[in-house]
Amino acid sequence: MDLSIIIINYKSTQLVLDCLDSVYQQTHQHSFEIIIVDNDSKDDCKEKVLAKYPATRWIQMDYNAGFARANNAGFAIAQGDHILLLNADTIILDGAIDKSIALLQQQKDASGCGVQLLHTDGTNQISGAHNIKGGLNALLPLPYLGRLVRYLGYRFKATVPSIHEFADKTKVDWIVGAYILVKRSVLSKSGLFDEDFFMYMEEIEWCGRLQQQGPLYLFSEPKVIHILGGTSNDYYKTTESGNTKQIWNKKGRQVMVSTALRTRKQLGIGWFLVIVSAYILEIPVFFVGLLIDTILSAGKPGYSWKNFGAYTKSIIISSRYFVRMFFGKPYFYKVS
């Protein structure tokens, strides 16, 4: 078999059906199997999917295992020569899967690839990225220290890490997890996802290990619509389109914890301490900055004291996870 396609479901029945429709309509040159891993959705997805696509292989998790563990469950039964990790909130366009397999096969040294992701309006979306020293771009969402990081990046002409648009093909350090195609042959050496991760940043850490087996590419010709946050938003009960817009809610808290975990595992204890220290330092900086903004803006600052209180709460909650990470203890970092 040419390809195994792994899709994670969490309360996303219609998204899964739409995704599968596009896969079957647009994939004709390679044999494939569909593996759906359900993260304890307790919905009607299985019945509806199997009624329409009875060949689908279904794995039922008895808890919400998140992205890493669920995909690893899919890897365990995958039979294809290539494995595609495909988000439920994607729509395949113009034979994108067939094209990406053919392009990956042409790159004999490659371990995997991604495609040009698109927003629903057809504009380009971030499809992959380059790593930045110490992962300091993770601090950009911070209300005030993030401004300093952004200024220093511009001041010293740092490389823009995110890749929205590219010609033909380009090498990247990591690929957005909505569409990652890998050669099965590299997995015995790279390993699977690190199961300490619940959600977010796990593909960055994994891509770092994939790169040790061969380059990662983005190809511009295959195009896939990514609705963004279609499944995670159901879990976090939010309508945010990005992963780091509101760092003071539960979703943002999980992003910060996962960012610290990725830093600890991939970049080491030193950069981990830098990132965590910045998260903590943001509390007094946030307070002073908000106070000044409130005075100068006649009581209408860009952030609220409610935001400040929620951010402080998030850091207090996250601190216990940071302590575990410091000592490198295996743990399922799912933020409560």
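**Notebook: a surface patch, an aspartate and some rings**

I looked for a nonpolar surface patch and found Phe287, Val288, Leu291, Ile292, Ile295, Leu296 and Trp305, with about 700 Å² of accessible area together. Patch members have over 30% relative accessible area and no salt bridge, and nonpolar side chains are joined within 5 Å. The model is predicted: local features need pLDDT of at least 70, side-chain atom pairs pLDDT 80 or more, while totals for chains, interfaces and linings use all residues. Numbering runs from 1 along each chain as its sequence is written, and side-chain values use heavy atoms, without hydrogens or water.

Helix H10 (residues 269–296) gives the largest share of the patch, 6 residues. I checked Val288 in helix H10: it is partly exposed because its relative accessibility is 45% (buried is under 20%, exposed over 50%, partly exposed in between; 1.4 Å probe, protein chains only).

Next I turned to Asp194, in the loop between helix H6 (187–190) and helix H7 (202–211). Asp194 counts as buried, at 19% relative accessibility. Its side chain reaches the backbone nitrogen of Asp196 at 2.9 Å. I also noted 2.9 Å between the side chains of Asp194 and Lys265, a polar contact (N or O atoms within 3.5 Å, one able to donate a hydrogen and the other to accept it).

Then I went through the rings and counted 24 aromatic pairs (centres within 6.5 Å; planes under 30 degrees apart are stacked, over 60 edge-to-face, the rest tilted). Trp248 and Phe286 are tilted, at 6.3 Å and 40°. Both residues are buried. Phe286 and Tyr311 also make a tilted pair, with centres 6.1 Å apart and planes at 55°. Phe286 lies in helix H10 and Tyr311 in helix H11 (residues 305–326), so this pair ties together parts 25 residues apart in sequence.

Definitions and conventions: Patches are made of residues with over 30% relative accessible area and no salt bridge: like charges are joined within 9 Å, nonpolar side chains (Val, Leu, Ile, Met, Phe, Trp, Tyr) within 5 Å. Accessible areas come from the Shrake-Rupley method with a 1.4 Å probe; for residues, only the protein chains shown count as cover. A salt bridge is a side-chain nitrogen of Lys or Arg within 4 Å of a carboxyl oxygen of Asp or Glu. Helices (H or I, at least four residues) and strands (E, at least two) are DSSP runs, numbered from the N terminus. Rings of Phe, Tyr and Trp (its six-membered ring) pair if their centres lie within 6.5 Å; planes under 30 degrees apart count as stacked, over 60 as edge-to-face and the rest as tilted.
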